[in-house]
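Subject: Handing over the two-chain structure

Hello,

Here is the structure I promised to pass on to you. Please open it alongside this note, and then read on for what I found in it.

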Amino acid sequence: MTKSKMTSLQRVLTTLGHKEPDRVPLFLLLTMHGAKELGMGIKEYFSKAENVVEGQVRLLNKYGHDCYFGFFYAPTEIQAWGGEVVFYDNGPANSGEPFINNIDQIKTLEPPVIADTPVLQEVLKTIRILHEKAAGEVPVLGVALSPFSVPVMQLGFEAYLDLIYNEPKLFDRLMAANEHFCVEWANAQLAAGAAAICYFDPVSSPTIIPRDLYLKTGFQVARRTIAKIKGPTATHMASGRCLPIIDDLAQTGTGAVGVSADEDLGILKQACRDKLTVIGNLNGLEMIHFSREETDRNVKNAIDAAAAGGGFILADNHGEIPCQVPDEVLLAISDAVRTHGNYPQ
Amino acid sequence: MADSNMADRESTFKNALLSSDTDAAGKALDEYLADKTVLEFVEEVVVKVLDEIGDGWQKGEYALSQVYMSGRICEDLLEKVLPDESGLRKDKPKIALALLNDYHALGKRIVYAVLRAGGYQLIDYGRVESEELVRKVKEDKIEILLISVLMLSSALNIKEIVKSLSHAENKVNIVVGGAPFRLDRKLWQEVRADAVGYTATDALHIVRTLEGDNSND
């Protein structure tokens, strides 16, 4: 196989193996843009697997990036736990009022059963169909929220921080329930055909908690959880920093890390070299206003900083591109990767 | 108090906040109050230390949980020594704080704690939708409105709020903050806010500046 004939899956696997593929892989982590392609509202779009499949196929055909994204919206898992989801016309669905409004509820909290949860079944169906359509050429990405980060939506951020600091027994009980669900959910997506699981864990970022607290909490949770996930994982900090905990992240068993636009990509790459693949770090919010020239420059800068030697996937910094990002910018990113991202550099 | 002793006390207080040690922070406050007033403590220590912690978060040196716990501890300490009716909190502009659309109230909570610790009374509207917020601000004749958001879609709604409040009886200064504004440094101008705060003490300084501007009107 010559480099020029690589499929997206081969390209991604090569870079994950810290070798140089034919060109830098590009993950456009698009969710809501699929609704726009189909001319649907966001709520309607995510109500059926067939819509999301069609949206993902059209987006891949349009932009030529290197993955299908089986992710619907962050609070799908909250729906599974019985919580409320609020849809917006111009942004991602968000969790509503936290469903744990008294921490004593944690004592009897039981994880949801995936087979009994319609929205999770729609996600699995989406992954199954995308996997079939990919025909072994394009990786399908699944998403599982970290057991350590999902409580921000279960309890609210403030109550969760209070729990971490002041209620160690209830914290452990919540982690046990969340870990059980996270492992089941990640493995169900892998069984449906996901090539890898994006383990969203922004609360573990040093942007949110100090490293010494992370080592006692999110780090332990990630080590236990990732060890039970039967496939590759990429830990995503969803815009949070990660440089001070790179070595710790590598010890959790994850294979890649989604990094912040707040940190220097070149320094991150050096810290991750041969340990973790770097995914990032185009600023998704600034992307809304990128001119074609800025897009080209930002893509080139990222590639110059991080592409050498493989172990790099170009993506946004947050793990989901805002729906306000124009098609022209996405096309310009795709063009720029093909202009500047060919190996050897 | 000798400068070195003062610096030591500041450092002790800051370390107590960063390690969420309420007892040590309380002890540091007691030592201050042996030869300083509460107002001096707020001005010389609380604002300065919270500023340093907020700046440190911006630079990646500290974590949001430390910013949150520091604000909470300062607020709790000052609540004990600074009753609402004290002279420190009189004659201040009418200030309100709101979380727009979203359910993630941490940023708003931190700003609330720091402004309270800085000696301000303010109305907390909690989580509100745009129309309700405009109505409340007009009814309460708010002069400074602080809006916290998590999501970009919520941030973009602020533009309409600014427009609606431009017809209010009194001038309403709108200060915005939250993740979308931190990640896109031009967004606050796009939504036509009067100011943006990237840390909670930014909000405090902005309020003080606006207070000065208003009193000169």
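Chain A holds an open sheet of seven strands, paired in parallel and ordered S1-S4-S5-S6-S7-S8-S9. Strands here are DSSP runs of E with at least two residues, helices are runs of H or I with at least four, and both are numbered from the N terminus. Two strands count as paired if DSSP finds at least two bridges between them. At the edges of the sheet stand S1(A) (68–69) and S9(A) (312–316), and because each has a single partner strand, one side of each is left without a neighbour in the sheet.

Before going further, please note that this is a predicted model, in which local features need pLDDT of at least 70 and side-chain atom pairs count only at pLDDT 80 or more, while totals for chains, interfaces and linings use all residues. Residues are numbered from 1 along each chain as its sequence is written, and chains are lettered from A and ligands numbered from 1 in the order in which they are written.

**Inside the sheet of chain A**

Helix H13(A), residues 265–272, packs on this sheet and touches S7(A) (256–258), S8(A) (277–282) and S9(A). The direction of H13(A) makes about 170 degrees with that of S8(A). (Axes are lines fitted to C-alpha atoms, for helices over the stretch in contact, and angles run from 0 to 180 degrees between N-to-C directions.)

S4(A), residues 140–145, and S5(A), residues 196–200, pair in the parallel sense over five bridges. Along this pair, A:Gly142 stands opposite A:Ile197, and A:Ala144 stands opposite A:Tyr199. S5(A) also pairs in the parallel sense with S6(A), residues 233–236, over four bridges; there, the bridge partner of A:Ile197 is A:Thr233.

How many of the residues of S5(A) are buried? Five of its five are, so to speak, under cover by the definition used here: a residue is buried if 20 or more other C-beta atoms, placed from the backbone, lie within 10 Å of its own, exposed if 12 or fewer, and partly exposed in between. In a regular strand the side chains alternate between the two faces of the sheet. In S5(A), A:Ala196, A:Cys198 and A:Phe200 point one way, and A:Ile197 and A:Tyr199 the other way.

**Chain B: two domains**

The domain assignment of chain B, which is automatic or taken from a database, gives domain 1 (3–81) and domain 2 (91–216). Their centres, taken over C-alpha atoms, are separated by 25 Å. The contact between them takes 16 residues from domain 1 and 13 residues from domain 2. Two residues are in contact if their C-beta atoms, placed from the backbone, lie within 7 Å.

On the side of domain 1 that touches domain 2, H3(B) (38–58) and H4(B) each give two or more residues, and H3(B) gives the most, with nine. That side has nine nonpolar, three polar and four charged residues. (Ala, Val, Leu, Ile, Met, Phe, Trp, Tyr, Cys and Pro count as nonpolar, Asp, Glu, Lys and Arg as charged, and the others, Gly among them, as polar.)

H3(B) and H4(B) also meet each other: their axes come within 9 Å and cross at roughly 170 degrees. The two helices are therefore roughly antiparallel, a label for angles over 145 degrees. Among the residues that make this contact are B:Leu50, B:Ile53 and B:Trp57 of H3(B) and B:Val67, B:Cys74 and B:Val81 of H4(B). The contact has nine nonpolar residues, four polar and no charged.

**The sheet of chain B**

Chain B has an open sheet of five strands in the order S2-S1-S3-S4-S5, with parallel pairing. S2(B) (123–128) and S5(B) (195–197) are the edge strands, and the twist averages 20 degrees from one strand to the next. Three bridges join S4(B), residues 173–178, to S5(B), and the bridge partner of B:Val175 in S5(B) is B:Ala195.

**Where the chains meet**

Finally, 21 residues of chain B are in contact with 28 residues of chain A. H4(B) (64–81), H5(B) (106–117), H7(B) (152–165) and H8(B) (179–183) each supply at least two residues of the chain B side. H4(B) gives the most, with five residues. By class, the chain B side has twelve nonpolar, six polar and three charged residues.

Best wishes

Key. Parallel < 35°, antiparallel > 145°, perpendicular 65-115°, else oblique.
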